[in-house]
Amino acid sequence: MNYQKYAPGYYPVPQGYSSWATKDHIEKAPQWCSVDLRDGNQALVVPMSLDEKLEFFKLLVKIGFKQIEVGFPAASDTEYEFVRTLIDNNMIPDDVTIQVLTQCRDHIIRKTFEAIEGAPSAVVHFYNSTSVAQRQQVFRKSPEEICKIATDGAELVKKLSQEFDGNFRFEYSPESFTGTEPEYALHVCNAVIDIMEPTPERPMIINLPSTVQMSMPHVYANQIEFFHNHLHKRDSVCISVHPHNDRGTGVADAELAMLAGAQQVECCLFGNGERTGNVDSITLAMNLYSHGVDPKLNFSNMPEICEVYERVTRMRVHERSPYAGALVFAAFSGSHQDAIAKGMDWHKHSDDSRWTCPYIPVDPVDIGRTYDADVIRINSQSGKGGIGFVLAQNYGFDLPAKMREELGYTVKSVSDRNHKELSTPEVYEVFCNTYLNKQDPLHITEIHFTRVDGLAANVDIEYNGKIHGCNSVGNGRLDAVTNAIKSVTGTDFALDYYSEHSLDSGSTSRAASYISINWPDGTTTWGAGTDTDIIQSGINALVSAFNNKF
Ligand SMILES: CC(=O)SCCNC(=O)CCNC(=O)[C@H](O)C(C)(C)COP(=O)(O)OP(=O)(O)OC[C@H]1O[C@@H](n2cnc3c(N)ncnc32)[C@H](O)[C@@H]1OP(=O)(O)O
Ligand SMILES: CC(C)C(=O)C(=O)O
């Protein structure tokens with residue numbers, strides 16, 4: 001690890017371009033430009049087929065993208081045919097503009113115009129590299145010669161836009177901007193703007209890509225503010241950013257750039273794109289959403305978006321991909337589960353409609369996820385709160401706090417022993433096996449109550465395989481049965497806790513009862529019972545608690 005081999009390769013702007021840093025939130029969504037079908041596609045092991053691109057295009061339209069870079073038409077027949085298919089078959093909605101990318105090379109620009117001829121609304125995006133490294137190593141040209149590649153390209157784009165039929169607007173990128181001296185990049189961009197002569201009615205886009213991310217995000221934001229202040233015809237230019245993610249801060253680059261004056265963001269779903277990817281459109285949009293800002297993109301069906309994306313790109317949505325990954329709402333750990341379960345309950349009963357649930361930045365339901373499958377998941381790190389929540393949500397059992405605690409440890413240890421996550425049915429199975437309607441070694445086979453002075457019970461009890469008939473009395477039914485059990489089994493115990501609630505709604509609803517009993521040796525055992533008859537459910541809980549001693 002020879003760190004001396006490296007030095008920062010970026011060029012900060014002078015002091016005085018960080019007024020953006022006083023802002024603490026983004027007030028509105030940027031103009032979104034999806035580059036999934038171009039930058040995303042060029043980064044795939046196998047680029048998408050025409051049909052796959054069509055399906056992805058439809059998905060992007062459904063999500064709400066109004067500007068979609070559909071490809072690099074000069075790159076391949078598929079790319080070219082895709083653009084022609086969209087145009088020739090009127091597949092572009094009226095409010096959607098397609099965008100195509102071309103290098104500043106004559107034959108590539110010409111081929112690009114052939115591809116977009118007749119487009120109802122298209123952005124021609126032309127670029128050339130301006131960085132110090134590319135000037136020296138790739139092009140071996142002076143700054144002015146490199147600038148001439150851009151201006152020659154701009155002249156040709158402008159000329160062809162008048163020769164070809166279609167409604168065209170323009171975008172220029174000083175590619176490898178982040179490795180370019182800002183003053184020089186500004187000079188090139190202004191030279192292009194002067195040629196393209198945008199107006200406020202027909203603005204052009206200047207895209208300042210972090211082609212390779214080289215600095216901390218605030219350095220990039222300062223660069224954007226510098227351009228915001230010094231670009232020619234600012235009222236006729238839309239500043240776009242196109243952050244990559246080499247340093248892992250693509251989202252921060254985009255967000256700070258928006259504070260600094262960027263109006264458009266070029267991005268890809270799930271941060272797909274060259275190397276570590278482009279900035280993730282889902283994270284950016286959902287970050288706005290979670291602050292109460294309309295993102296102007298609709299991610300209400302995230303599972304469908306993940307499915308289409310994975311199928312057509314052959315990429316995988318990472319489990320921790322913000323807002324979209326399979327595990328991003330999942331809480332395995334006890335204290336998180338406890339807070340989430342309490343937070344959810346608080347929200348259910350609160351008048352405050354704003355989402356403030358601990359640990360979960362947005363309501364999973366808003367993006368098509370479910371609480372049951374996605375939020376509280378059980379393993380050996382889980383706690384009583386989460387385990388109780390799972391039982392309550394899925395099976396309606398609202399366990400008393402102490403019983404939940406005991407069940408919590410039992411469930412955790414099953415998960416720990418087997419070294420696996422427990423599914424909801426498996427948690428339920430542990431609960432049933434441990435507490436519910438247990439009939440061994442003691443089982444009540446027959447019971448009749450009569451009200452005399454207090455309550456008398458005539459009970460048949462099967463205990464250790466033998467049936468015992470018994471008459472007992474008590475101050476209530478449960479007390480009478482307790483006394484019968486004590487006399488048949490010769491044990492002594494005291495009823496400590498009893499509660500019940502109805503389990504299902506409707507006339508045939510079942511009751512669930514919970515009982516704990518204290519034993520002379522200082523121990524406590526718990527049992528649960530269910531039955532359509534509330535008394536029987538209590539007796540079942542009592543018998544279960546008794547049986548749990550043995
Ligand atoms: C950061 C980005 O994402 S930029 C977009 C990158 N995307 C792609 O490249 C995908 C599509 N590209 C392709 O299919 C091909 O590269 C094509 C069709 C564009 C060009 O193909 P080719 O001409 O066969 O090859 P190649 O890309 O290697 O061309 C290199 C030449 O173009 C020049 N060049 C590269 N970029 C540019 C540019 N923006 N403007 C002008 N010239 C350029 C190089 O200096 C080199 O010149 P040389 O022939 O004098 O050495
Ligand atoms: C062509 C440009 C915008 C690009 O993709 C990049 O610089 O990353």
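User: Which element gives the most to the shell around ligand 1?
Analyst: In this predicted model, at least two residues of the shell around ligand 1 come from each of helix H1 (36-42), strand E4 (119-129) and helix H5 (132-139). The 18 residues around this ligand include Phe72, Ala75, Gln103, Cys104 and Asn128, which come nearest. With three residues, the element that gives the most to the shell is E4.

User: How many residues of the shell around ligand 1 are charged?
Analyst: The shell around ligand 1 consists of 18 residues. By class, nine of them are nonpolar and five are polar. The number of charged residues is four.

User: Which strands give two or more residues to the shell around ligand 2?
Analyst: Ligand 2 is surrounded by Asp39, Leu101, Tyr127, Ser173, Glu175, Asn207, Pro209, Thr211, His242 and His244. By class, this shell divides into three nonpolar, five polar and two charged residues. The elements giving two or more residues to the shell are strand E5 (166-175) and strand E6 (204-210).

User: Why is helix H9 (residues 250-259) described as largely enclosed by the rest of the structure?
Analyst: The buried residues of H9 are Gly250, Asp253, Ala254, Glu255, Leu256, Ala257, Met258 and Leu259. They pack against E6, helix H8 (217-230), strand E7 (237-243), strand E8 (264-267) and helix H10 (281-289). H9 is largely enclosed because the buried share of its ten residues is eight.

User: Is Asn90 buried or exposed?
Analyst: Asn90 lies in the loop between helix H3 (77-88) and strand E3 (97-103). Its phi is near 50°, a positive value in a residue other than glycine. Most residues other than glycine have a negative phi. Because Asn90 has 9 C-beta neighbours inside 10 Å, it counts as exposed.

User: Is Ser176 buried or exposed?
Analyst: Ser176 is found in the loop between E5 and H7. The phi of Ser176 is near 60°, a positive value in a residue other than glycine. With 23 C-beta neighbours inside 10 Å, Ser176 counts as buried.

User: What is the omega of the peptide bond from Asp440 to Pro441?
Analyst: Pro441 has its place in the loop between helix H16 (424-435) and strand E9 (442-452). Most peptide bonds are trans. The bond from Asp440 to Pro441 is cis, and its omega is near 10°.

User: What distance separates the C-alpha atoms of Asp338 and Phe389?
Analyst: Asp338 lies in helix H12 (residues 334-349), and with 22 C-beta neighbours inside 10 Å it counts as buried. Not counting residues up to four places away in sequence, Asp338 touches Gly383, Gly385 and Gly386. Asp338 and Phe389 are 51 residues apart along the chain, and their C-alpha atoms are separated by 8.4 Å.

User: How many Å separate the centres of domain 1 and domain 3?
Analyst: The domain assignment of the protein chain gives domain 1 (32-313), domain 2 (334-434) and domain 3 (442-547). Taken over C-alpha atoms, the separation between the centres of domain 1 and domain 3 is 73 Å.

User: Which element of the protein chain has the lowest mean pLDDT?
Analyst: The mean pLDDT of the protein chain is 96, and 100% of its residues reach 70 or more. The model scores ipTM 0.95 and pTM 0.91. Among the elements, strand E1 (residues 31-34) has the highest mean pLDDT, 99, and the lowest, 78, belongs to helix H13 (residues 371-374).

Terms used: Residues numbered from 1 in each chain as written. Chains lettered and ligands numbered in written order. Predicted model: local features only at pLDDT ≥ 70, side-chain atom pairs only at ≥ 80, totals over all residues. Domains from an automatic or database assignment. Near = placed C-beta within 6 Å. Helix = DSSP H or I, 4+ residues; strand = E, 2+ residues; numbered from the N terminus. Nonpolar A, V, L, I, M, F, W, Y, C, P; charged D, E, K, R; others polar. pLDDT = per-residue confidence, 0-100. Buried ≥ 20, exposed ≤ 12 C-beta atoms within 10 Å, placed from the backbone. Contact = placed C-beta atoms within 7 Å.
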